[in-house]
Amino acid sequence: DDIVLSDISGALRIQDGSANFSDVSSKFLGGNLLAEGILVSKGKPAFEIQLALQNNSISELLNATTFFEKLAPIAQGLQGTMDSKFRMQGSFANGFELDFNSLSGQAQTELKALDKILGEQSFISGLRQKLNFLNEESLDLKGLKTVLKFQDGNISVSPFTFNYKYIKIGVNHSHTFTGDMD
């Protein structure tokens, strides 16, 4: 992925085929990125990372990175900002191409602002098929929080609820990095 970081600061120590980075901060997709972790290049390249994203554009994250597109396809069509905290580890295949099946970890995510829902591209379209009276312009998903856990190519989204007028709607979802959905 072509990712542009700006205003980068932090510490990087390279030793014995490993790159340790700490207190890394950067501007990233309209928000901020904070990271620390290790990248090991000896043998099969692998990494362990803690990552915090603050006030990042949901649509830019999904469009700019294959990882986020595969991690959160239910966020397709959401226009707004979010915060996320990741803790994950995994390895690379074919040089430094991410091996999605090797990933394990979790992400805590919160929608900070939701400007627009592009209906046919979002999980809301599936709800609208079951609830034909649903009007996405009346939804308020701001502050919605969930946890995504991933391991062995599988991703489970902790159940979350939101209100539509006087109706509480629950969402329970899981999928794989290859796009299979439950």
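**Thr 109 and the spaces inside**

Mentor: Let's start with a pair of side chains: those of Thr 109 and Ser 84 make a polar contact at 3.0 Å. Keep in mind that this is a predicted model, where local features need pLDDT of at least 70, side-chain atom pairs count only at pLDDT 80 or more, and totals for chains, interfaces and linings use all residues. Residues are numbered from 1 along each chain as its sequence is written, and side-chain values use heavy atoms, with hydrogens and water left out.

Trainee: What makes the pair Thr 109 and Ser 84 a polar contact?

Mentor: The term asks for a pair of N or O atoms within 3.5 Å; within protein, one must be able to donate a hydrogen and the other to accept it, and residues adjacent in sequence count only if both atoms are side-chain atoms. This pair sits at 3.0 Å, so the distance passes.

Trainee: Why is Thr 109 called buried?

Mentor: Buried means under 20% relative accessible area, exposed over 50%, and partly exposed in between (1.4 Å probe, protein chains only). Thr 109 has 15% relative accessibility, so it counts as buried.

Trainee: Which residues does Thr 109 touch, leaving out those up to four places away in sequence?

Mentor: Among them are Met 82, Asp 83, Ser 84 and Leu 148. Touching here is contact, meaning heavy atoms within 4.5 Å.

Trainee: What makes a space a cavity and not a pocket?

Mentor: On a 1 Å grid over the protein atoms alone, a cavity is a set of points where a 1.4 Å probe fits but cannot get out, while a pocket is an open set with protein on both sides within 12 Å along at least five of seven lines. The search finds one cavity of 30 Å³ or more. The largest cavity holds about 300 Å³, and the largest pocket about 910 Å³. A volume is the space filled by probe spheres set on the points, which are joined across faces, edges and corners.

Trainee: Which residues lie nearest the centre of the largest cavity?

Mentor: Ala 72, Ala 75, Met 82, Thr 109 and Leu 148, out of 21 lining residues. A lining residue has an atom within 4 Å of a point.

Trainee: How do the lining residues of that largest cavity divide by class?

Mentor: Into 18 nonpolar, three polar and no charged. Ala, Val, Leu, Ile, Met, Phe, Trp, Tyr, Cys and Pro count as nonpolar, Asp, Glu, Lys and Arg as charged, and the others, Gly among them, as polar.

Trainee: How confident is the predictor in the chain?

Mentor: pLDDT is its confidence in each residue, from 0 to 100. The chain averages 82, and 84% of the residues score at least 70.
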